[in-house]
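Thanks for coming, everyone. Let me put the structure up, and then we will walk through it.

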Amino acid sequence: MSDDPVASATRAYRRAEAALDARRADLADAIGRAILIDNRRQADVARVTGYTREHIRRICRDWADRQAGRGEPF
């Protein structure tokens, strides 16, 4: 390990990015399931997440593609 503060801050930043990416994938999965499986309303999910209904539609489309094996995982 180095005592270099720039290297240390960079490692911490990369760890935070990885954690954010994982949480973003979890949120997309929850949104996809809520709307496409549990039949929750887009407006309700939009209210909770702060996302637009169009963004939620994109998330759901991507989620459905991944479930069908057509999309790239996050």
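What is the phi of Gly 50, the residue that follows H2? Positive, near 85°. Before going further, the ground rules. This is a predicted model, where local features need pLDDT of at least 70, side-chain atom pairs count only at pLDDT 80 or more, and totals for chains, interfaces and linings use all residues. Residues are numbered from 1 along each chain as its sequence is written, and side-chain values use heavy atoms, with hydrogens and water left out.

One word on naming. Helices are DSSP runs of H or I with at least four residues, numbered from the N terminus.

Now the core. A nonpolar core here is a set of buried Ala, Val, Leu, Ile, Met, Phe, Trp, Tyr and Cys residues joined through side-chain atoms within 4.5 Å. Buried is under 20% relative accessible area, exposed is over 50%, and partly exposed is in between, with a 1.4 Å probe and protein chains only. The largest such core has 9 residues: Ala 28, Ile 31, Ala 34, Ile 35, Val 45, Ala 46, Ile 56, Ile 59 and Cys 60. H1 supplies the largest share, 4 residues.

Take Val 45. Leaving aside residues up to four places away in sequence, Val 45 touches Ile 31, Ala 34, Ile 35, Arg 40 and Ile 56. Touching, or contact, means heavy atoms within 4.5 Å.

Stay with H2. Which residues of H2 are buried? Gln 42, Val 45 and Ala 46. Viewed down the axis of H2, the buried residues fall within an arc of 105°, so they line one face of the helix. That arc is taken over the directions from the helix axis to the C-beta atoms. On the face turned away from the buried side of H2 sit the exposed residues Arg 47 and Val 48. The cover over the buried residues of H2 includes H1 and H3.

Next, packing. Two packed helices are described by the angle between their axes and the distance between the axes. Axes are lines fitted to C-alpha atoms, for helices over the stretch in contact, and angles run from 0 to 180 degrees between N-to-C directions.

First pair: H1 and H3. Their axes come within 9 Å and cross at roughly 90°. H1 and H3 are therefore roughly perpendicular, a label for angles of 65 to 115 degrees. H1 brings Ala 28, Asp 29, Ile 31, Gly 32, Arg 33, Ile 35 and Leu 36 to the contact, and H3 brings Ile 56, Ile 59, Cys 60, Trp 63, Ala 64 and Arg 66. By class, that is 9 nonpolar, 1 polar and 3 charged residues. Ala, Val, Leu, Ile, Met, Phe, Trp, Tyr, Cys and Pro count as nonpolar, Asp, Glu, Lys and Arg as charged, and the others, Gly among them, as polar.

The contact uses Gln 42, Ala 43, Val 45, Ala 46 and Thr 49 of H2, with Arg 53, Ile 56 and Arg 57 of H3.

Now single residues. Arg 66 and Asp 29 are 37 residues apart in sequence and 10.0 Å apart in space, C-alpha to C-alpha.

Then Asn 39, in the loop between H1 and H2. Asn 39 is not a glycine, yet its phi is positive, about 60°. Asn 39 is exposed, with a relative accessible area of 62%.

Last, Gly 69, in the segment after H3. Gly 69 counts as exposed at 64% relative accessibility.

How values were computed: Helix = DSSP H or I, 4+ residues; strand = E, 2+ residues; numbered from the N terminus. Parallel < 35°, antiparallel > 145°, perpendicular 65-115°, else oblique.
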